[in-house]
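Subject: Structure handover

Hello,

I am passing on the structure below for you to look through. My notes on what was found follow it.

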Amino acid sequence: MDWTPLLLSFKLAFITIIVLLGIGVPLAYFLAFSKSKSRYFLEALVGLPIVLPPTVLGFYLLLAFSPHQMFGSWVSNTIGVSLVFSFVGLVVASVIYSLPFMIQPVKNGFESTNTSMVALAKVLGKSNWTIFWKVILPNNINALVTGAILTFAHTLGEFGVVLMIGGSIPKETKVASIAIFEYVETLQFEQAHRYAIILLAISFIILLSVQFLSLTKKQQSYD
Amino acid sequence: MIEIELKKTRKSSKHHFQLDVNLITAPQKIIGLTGASGSGKSTFFKILSGLVRPDSGTIKVNNHLWCNIDHKKYKKPQQRSCSYLFQEATMFTHLTLAQNIQFANTKLTISEVQHWLSKLDLFELRNQYPNALSGGQQKRAALIMTLVNPTDVILLDEPFSALDEEAQQLVVKLIKTHHQQHQPTIFIASHNIEILKQLCHVTTTITHGKLDIPLTL
């Protein structure tokens, strides 16, 4: 069995999580606490990947990433890598389509942070920066882990966007979901089954972990 | 000198509430506030600490202007020399008792934290998380967090509730000692009139949001 597509899927998922923790946490903070009306627009924009058909998102990303378009050509000239049919392009696409899966749980966690604790930190003279790092974030570890787990699961399972942006280049963009599709197309069901059963098992374990995390949180709040 | 003149209206579907405070007093006094639940004691404290913005008025403490709504001057809670014990004795649930005290004043050494905990008989519980403490223990711990930062004004909202008589006397002693050492102005909201008489230079009542204390204090 060729493990490369699975390893590539895991690599893509891990890099996506790391990038999304960097982008998603400040964005979730803004959406949770900002009084600006722009947050409604931003929230709708961030949530788009949940409702859009992956092919629609993939199509527009393909257009935007094209070296003949402004964004694609700028990236190509700046870092010397084409975003179309490359692993870097897959990471960028993956970050965009997984954004709501990281943002939503983290934002919900931030919003449900005990307001009395935040108020107490303020009257103790703590800066907003300290309140974020020492009060809000430590009380939302479960939300961060849930966001990371959901991002991981979603990245692992995405097919439409990945196919449109990355195609199927072995060791570059041929992730597990693409490999399964190709094996089924060529009627190699046994090969397809090997990848599928591993993804199935991982997805189940991931969902079980999320359930366990939410159970732990409920128990903590009843203590 | 403490000069406070403020108004705050709160409208909800159930009731209409207006806080109307006029207070001028010499500094370094201990002032007791009584009044029925919902009379505005906690709202007054929240406005004084900067957590809630008044609709109008001025707050001036020892020549420092904390708030003047007409002139759009407003100091955030972090910029006011004011400590506040919340009625619900809030603590940081992800930190142990000792870590809570340390977080309240990061300059304290471990032995100073232990000394503070011993004052209110909490030393043995130093490694416990707030959820493992009783209501009275949380109240005492939250009081320590309020006092570890010497400030010009201290607001204590129901500091004696959930405490047995012995613990109440420990708290009274601690507040008295702290006042003698640091000379802050202390406001204490409580239903326990006996203790307020024992501790305060003056005790007054908030009735339907109205508080009026004359200059003669």
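**Core, interface and cavity**

Apart from neighbours within four places in sequence, Ile4(B) has contacts (heavy atoms within 4.5 Å) with Val21(B), Asn22(B), Leu23(B), Phe44(B), Leu48(B), Thr58(B), Ile59(B) and Phe187(B). This is a predicted model, in which local features need pLDDT of at least 70, side-chain atom pairs count only at pLDDT 80 or more, and totals for chains, interfaces and linings use all residues. Residues are numbered from 1 along each chain as its sequence is written, chains are lettered from A and ligands numbered from 1 in the order written, and side-chain values use heavy atoms, without hydrogens and water.

Ile4(B), Phe44(B), Phe92(B) and Phe187(B) touch the most other members of the largest nonpolar core, which has 131 residues. Such a core is a set of buried (under 20% relative accessible area, 1.4 Å probe, protein chains only) Ala, Val, Leu, Ile, Met, Phe, Trp, Tyr and Cys residues joined through side-chain atoms within 4.5 Å.

Between the chains, 20 residues of chain A meet 19 residues of chain B. Together they bury about 1600 Å², 66% of it on carbon and sulfur atoms; buried area is the accessible area (1.4 Å probe) lost on being put together, summed over both parts. Leu120(A), Val123(A) and Leu124(A) supply 35% of the area that chain A buries against chain B, more than any other three residues.

Leu120(A) also lines the largest cavity, along with residues of chain B including Tyr84(B) and Met145(B). A cavity is a set of points on a 1 Å grid over the protein atoms alone where a 1.4 Å probe fits but cannot get out, and lining residues have an atom within 4 Å of a point.

Regards

Methods. Buried < 20%, exposed > 50% of the residue type's maximum accessible area, 1.4 Å probe, protein only. 1 Å grid on protein atoms, 1.4 Å probe; cavity = no way out; pocket = protein on both sides within 12 Å on 5 of 7 lines; lining within 4 Å. Buried area = accessible area lost by both parts, 1.4 Å probe.
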